[in-house]
Amino acid sequence: MTATHGTGQETPQGTPQEPGQEAPEGFLRVEGQTKFLETFLPVRNEVLHDFYQASRTSRAPRADQRKDLRAAVRLLGGGAKDSVPDLYRLYYNRLFSMIWLALNWGPYTPEIRQVADPQQRIHLSQVNSVDRCWQPAVESAPQDGLLIEVGTGLSDGWARIAHLLPQVEIVSLTIERDQAEIGRRIAERLGLSDRVTFRVGDLFDPATTRDLAGSADAVTAMGVIPHFPPPRKAEGMRAMAAMLKPGAPLHIFDAYRVRPFSRFMHRALISSLCWYPTGDELRAALAEAGLSLTRFDAYDAESCLQFADDTRGNDQLRREFGPVVAWVFPNVVSRFMKGLLTPQDSVYLSAVRR
């Protein structure tokens, strides 16, 4: 088991490989991750642009910009009262698809630190987080196995794994229908529609995953656990673990509190339907869910440098949302996210059902 605290140094270790099994080419390496990004990013960016531009034709651009700005202010000010799907549609889909890089995190490896372009460093860190989170499954899952992703996001997770493991079947679950539709369009463009299935539903609804019970060679959730309310975190983990074959691992990449948030940050997180546990609470929820830890790799906020890199506006953001939002998000949201991460450690963990 690898544990690194505050150094950002990663040792590429994980679940032991099966005899004779080799890691995929480019796995956990900047050159391989760069090659993936060269294929994936142009497709994702074009799909996102087409998807959101089509949804905006019914309103004038200035009206769009005013609504997007109000949405941003409501979110940061703690005034959002929306359900999770409504919140994702209003905030995440309309605006956060453009500034997602300011809202993600992950440790920078020595290789990534040496990359000159700050935007490329951010992209590489995101892909490297996928590699690190999925590492035990990539190294040990059957070549023709079933892998389940909880939380489709902007499709970098399932797309990276499909690239690394060209024979596996992937099911990507999301509570948000726009994420699923964007994922389907990306998969079609990448020629992966026959291997990746997108499913919209609430993980807490047994009907969403009933047919997947006991079928997965690995289940992964990145940035998902904080969206489970505190009394339901173990329930959510049990729901994910129920999809696993006996002995198959659950992989999680997320963050936990090491000290209290400020009053403003606490209010903003609750408004965003985010409840970050402490490390002890996270371990207790895993135990209550009947899971035993096999890996717990922790990194402090200083290891996650995206927010030092992501401090500038860009022309695309300005064209899409206007000059105010283009200034607010790089200058205010990045600072907000730095404040969010400072009281936290990030962790890659794996666990199996007892």
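Mentor: In this model, β6 pairs with strand β7 (residues 344-353) in the antiparallel sense over 9 bridges. Strands (E, at least two residues) and helices (H or I, at least four) are DSSP runs numbered from the N terminus, and two strands pair if DSSP finds at least two bridges between them. The model is predicted: local features need pLDDT of at least 70, side-chain atom pairs count only at pLDDT 80 or more, and totals for chains, interfaces and linings use all residues. Residues are numbered from 1 along each chain as its sequence is written, and side-chain values use heavy atoms, with hydrogens and water left out.

Within this pair, Leu293 stands opposite Ala351 of β7. Helix α11 (residues 279-288) packs on the sheet and touches β5 (249-257), β6 and β7, where contact means heavy atoms within 4.5 Å. The direction of α11 makes about 160 degrees with that of β6; axes are lines fitted to C-alpha atoms, for helices over the stretch in contact, and angles run from 0 to 180 degrees between N-to-C directions.

The whole sheet is open, has 7 strands in the order β3-β2-β1-β4-β5-β7-β6, and shows mixed pairing. Its edge strands, each pairing on one side only, are β3 (196-200) and β6 (291-300). Neighbouring strands are turned by 20 degrees against each other on average, direction ignored.
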